[in-house]
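Visitor: I have a model open on my screen. Please show me how to read it.

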Amino acid sequence: MMSNLTGAERTSAMLISGMGVVIGLTMAIVGRNDVMGAQGWIVLAFSAVVFFMVANALYHPEPTEDRTTSYYDDPTKVGIVLALVWAVVAMGIGVWVAAQLAWPGLRFDAAWSSFGRIRPVHTSGVIFGFGGNALIATSYHIMQRTSRARMPDQVTPWFVLLGFNLFCIIAASGYLMGVTQSKEYAEPEWYADIWLVVVWVAYFVLYIRTLARRNEPHIYVANWYYLAFILVVAVLHIVNNLAIPASLAGAKSYSAFSGVQDAMTQWWYGHNAVAFFLTSGFLGMLYYFLPKRADRPIYSYRLSILSFWGITFFYIWAGSHHLHYTALPHWVQTLGMTFSVMLLIPSWASAGNALMTLNGAWHKVRDDATLRFMMVAAVFYGLSTFEGSFMAIRPVNALSHYTDWTIGHVHAGAMGWVALITFGSIYALTPVLWHRERMYSAKAVEWHFWLALAGTVIYVFAMWNSGITQGLMWRTYTQSGTLRFSFTDTLIAMHPYYVARALGGLLFVTGACIGFWNVIMTIRHVSKQNRELDHPTSPKATEPVLPVAE
Amino acid sequence: MSVKDRDPLTGHQTTGHEWNGITELNTRVPRVVWFFILVTHLWALAVWVLLPAWPLVTTSTKGILGLDQREEVAKKVVAANSDRAVWGERIKSLSADEILGDPELFARISDTGPQLFGDNCAGCHGAQATGGPGFPNLIDGAWLWGGDTDTVMETLRVGINAPHPDTRWAQMPAFGRDGLLPRNDIRMVVDYVQSLSGVKSPADTIAAGAEIFATNCTSCHGNDGTGNPDAGAPDLSDGFWIYGGDDEAMFRTIWGGRQGWMPAWEDRLTETERKIITVYLQHVRQDTVK
Ligand code: HEM
Ligand code: HEM
């Protein structure tokens with residue numbers, strides 16, 4: 001893989017990773033009296049591994065590949081495998097978190113294994129580790145294919161992919177050591193945040209440069225979604241993480257916001273992380289892999305435009321629905337509620353556009369588990385957005401807020417939509433990337449599908465039941481006008497659902513393990529095949545100029 | 001492909017673009033989508049007119065319903081409090097026996113007591129108020145400070161070793177750690193204390209222990225070890241233990257001292273609520289004794 005880099009590229013890769021080593025060492029020394037020091041050693045180790053991998057290949061012969069007639073897929077391949085590793089690890093931890101809620105003793109009395117520390121490892125691990133890697137990898141694939149252009153250089157994509165994973169590792173290891181800003185989904189401390197800004201800007205520039213090189217007159221919808229994802233996440237991340245470090249030698253920092261402004265900024269961020277990380281990017285994925293797999297044209301271009309701008313515009317306003325009935329002024333809540341409801345139609349328009357695209361291909365959905373993953377994902381997308389808009393209505397939120405209903409909604413979206421569309425896309429993409437005839441085992445894909453679906457359904461139903469039971473118990477009054485149930489009563493009522501949820505999660509993560517195995521076996525054991533035309537040519541050309549380069 | 005094709009299946013035209021094999025139809029937006037866009041927007045408009053919604057420079061539009069969540073809550077709280085005050089005042093002023101004898105008030109106690117206890121006390125004293133290591137059983141009839149209504153109410157108000165200015169102080173000194181007694185003496189006094197509740201030990205150790213007890217312990221626990229409610233010093237002869245009556249636990253108690261911490265509830269629960277819990281506990285106690 002390193003041999004595909006030119007000499008100059010190898011040198012700059014070594015320079016960059018060398019700088020990483022220096023930064024890591026600086027953090028380790030300056031922060032030696034703080035957990036930041038330990039984080040420095042992690043940065044150093046990570047950079048050193050990259051440095052030596054490149055150094056090892058420094059004197060290999062220059063690549064002979066003709067860059068004008070091929071796409072650059074190496075980082076995509078690594079990204080896909082990384083996404084699957086994160087999936088298995090972070091969902092596995094999700095099961096542990098779920099089990100701790102049912103059996104609190106499973107903490108084993110260590111600090112690092114307490115609920116408050118492993119929960120963010122789960123959330124960041126699945127959202128950023130699994131989702132983020134999948135988004136970066138598929139975006140590399142899609143931006144090149146739909147632009148009919150190769151990425152402009154070979155160092156930036158690696159920098160973005162590996163830099164992002166370094167961020168994820170710093171984040172997850174930090175949580176276990178107790179490093180957190182206490183802002184949900186934005187827990188990492190200031191140094192990790194600064195690093196992510198650098199990586200993210202590089203990502204944005206890479207995307208724009210690739211689009212600028214495109215050989216297609218128009219930009220395909222999937223790219224709008226990916227660009228919205230990258231651009232808005234950059235803005236959200238920077239604003240929400242504005243903070244002043246207590247000391248440059250330590251991990252602790254203080255947010256630039258306080259009180260209700262802090263809460264509003266956090267949930268403006270949090271909600272749009274849902275919108276632009278967990279929705280927009282994955283819609284990009286859907287818009288490429290679903291029509292490709294179904295071999296059907298997108299149902300309606302006009303609907304695409306309507307839903308894209310609808311989603312992009314309305315989501316930005318909706319964050320305050322996370323703060324109903326709080327110190328937030330009433331008018332902000334009203335706005336959040338109304339915009340959340342108006343958001344429903346563009347959201348359903350996306351889901352509908354995807355499902356209507358399948359018209360004429362439903363027999364494929366029946367036979368092909370990969371396409372079925374995508375179909376069911378679109379259904380869950382529709383379901384969770386309907387549920388979300390419903391929960392955003394204040395009186396409904398009065399029941400759902402703080403309960404497991406929210407958790408059920410989250411996972412209908414996260415497992416049913418985000419994870420299923422990702423798995424479907426990975427199954428569609430893996431044979432293409434590695435030029436394989438097919439996945440190693442179609443049966444395993446089928447198993448994964450049913451395990452994932454069963455896991456999601458069990459999880460979501462358990463949480464609906466638990467959440468609504470809990471919400472109703474909290475608001476039941478006695479004849480004396482006092483609360484009927486103590487908190488412990490509700491915990492006892494929720495216990496069976498918590499057990500069911502852990503079980504559902506176990507099924508889900510079993511499916512993910514099967515998927516991981518299947519992808520590895522495909523790479524290693526399925527015979528090669530030169531697939532259909534898959535490299536940049538002028539739109540007029542029908543024949544490949546050169547055979548596909550490996 | 002820039003010529004607009006027709007999709008044979010739907011008969012709709014494509015946009016004429018193609019990306020790596022993907023094409024798009026130029027289908028018009030279905031009417032139902034426009035319809036629901038209209039519905040949701042009209043609904044939003046109505047809500048904006050009715051409720052506080054849009055920011056003005058220093059305030060916001062108020063909405064014609066004139067609702068404000070804070071005023072709403074304040075009103076509801078006042079209403080709920082006045083509903084409860086009807087019987088709450090009576091609970092506050094009557095004695096425990098009177099309350100338990102009055103069916104109407106007794107219903108209030110059994111409605112409310114379990115939740116108040118469950119949310120505030122069960123975490124330490126156990127779901128059934130039977131305590132656990134370090135936390136006293138509240139229904140066994142063995143008291144540190146006393147079990148009558150007024151004493152318990154006072155314990156709840158000020159707490160034990162709590163930051164409240166009037167708090168009750170319960171300090172069992174650390175005889176071993178602070179070098180007041182050597183290990184061996186502690187072992188002997190343990191045997192003596194155990195003998196008070198009928199545990200057998202060699203007579204000579206008990207005698208030696210009794211002597212140590214007389215010089216070190218009686219000031220708080222009383223000459224016969226039956227405790228002193230004014231110092232919160234427990235009766236050591238009744239066989240009820242907070243920290244445990246076996247050799248190991250008792251050795252630790254005397255070696256390292258004990259300063260149990262019971263929060264003060266004056267600022268957390270109203271007087272009526274404290275009274276409800278107190279009477280509720282008394283009721284549970286009577287139930288278990290029966
Ligand atoms: C194996 C499957 C999974 C299991 C067992 C699982 C389990 C859990 C548990 C137990 C919680 C904590 C709930 C609480 O605090 O009450 C949680 C939270 C969360 N999980 Fe998962 N999860 C799984 C998959 C996923 C996936 C695939 C994603 C995202 C792509 C995800 C995203 C989240 C998020 C965002 C939260 C925070 C929710 C909130 O704060 O409202 N989870 N998960
Ligand atoms: C129209 C679209 C959507 C709307 C209006 C919406 C609305 C809501 C509402 C009202 C809440 C509950 C806030 C609370 O009571 O605390 C919520 C929570 C959440 N939703 Fe959605 N939702 C939508 C779509 C989605 C999708 C597609 C996903 C995931 C892929 C998602 C992920 C989440 C997460 C992670 C939370 C929990 C946040 C937290 O408390 O940590 N939402 N959403």
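**Reading the model**

Guide: Chain B has a mean pLDDT of 92, and 98% of its residues reach 70 or more. pLDDT is the predictor's confidence in each residue, from 0 to 100. This is a predicted model: local features need pLDDT of at least 70, side-chain atom pairs count only at pLDDT 80 or more, and totals for chains, interfaces and linings use all residues. Residues are numbered from 1 along each chain as its sequence is written, chains are lettered from A and ligands numbered from 1 in the order in which they are written, and side-chain values use heavy atoms, with hydrogens and water left out.

Visitor: What are the ipTM and pTM scores of the model?

Guide: The ipTM is 0.89 and the pTM is 0.92.

Visitor: How many residues surround ligand 1?

Guide: A residue is near a molecule if one of its heavy atoms lies within 4 Å of it. For ligand 1 there are 23, the closest being A:Arg119, A:His122, A:Glu184, A:His411 and A:Ala414. The shell has 15 nonpolar, five polar and three charged residues. Here Ala, Val, Leu, Ile, Met, Phe, Trp, Tyr, Cys and Pro count as nonpolar, Asp, Glu, Lys and Arg as charged, and the others, Gly among them, as polar.

Visitor: Which atom of ligand 1 does the side chain of A:Arg119 approach?

Guide: An oxygen atom of ligand 1 lies 2.7 Å from a polar side-chain atom of A:Arg119.

Visitor: Where do A:Arg119 and A:Glu184 lie in chain A?

Guide: Start with the salt bridge: a side-chain nitrogen of Lys or Arg within 4 Å of a carboxyl oxygen of Asp or Glu. A:Arg119 and A:Glu184 form one, at 3.0 Å from N to O. A:Arg119 is in helix 4 and A:Glu184 in the loop between helix 5 (156-177) and helix 6 (190-212) of chain A, so the pair ties together parts that are 65 residues apart in sequence.

Visitor: Which residues are closest to ligand 2?

Guide: A:Glu184, A:Tyr185, A:Asn397, A:His401 and A:His409, among 27 that surround ligand 2. Polar side-chain atoms of A:Glu184 and A:His401 lie 2.6 Å and 2.5 Å from an oxygen atom of ligand 2. A:His409 has a side-chain N or O atom 2.9 Å from a nitrogen atom of ligand 2. Helix 14 of chain A gives the most to this shell, with seven residues. By class, the shell has twelve nonpolar, 14 polar and one charged.

Visitor: How much area do chain A and chain B bury between them?

Guide: The size of an interface is often given as the accessible area lost when the parts come together. Buried area is that loss with a 1.4 Å probe, summed over both parts. Chain A and chain B bury about 4,300 Å², 62% of it on carbon and sulfur atoms. The contact (heavy atoms within 4.5 Å) takes 55 residues from chain A and 46 residues from chain B.

Visitor: How many salt bridges cross the interface of chain A and chain B?

Guide: The rule finds two. A:Arg296 and B:Asp7 form a salt bridge, with the closest N and O atoms 2.8 Å apart.

How values were computed
Polar contact = N/O pair within 3.5 Å; in protein donor to acceptor, adjacent residues only side chain to side chain. Buried area = accessible area lost by both parts, 1.4 Å probe. Helix = DSSP H or I, 4+ residues; strand = E, 2+ residues; numbered from the N terminus.
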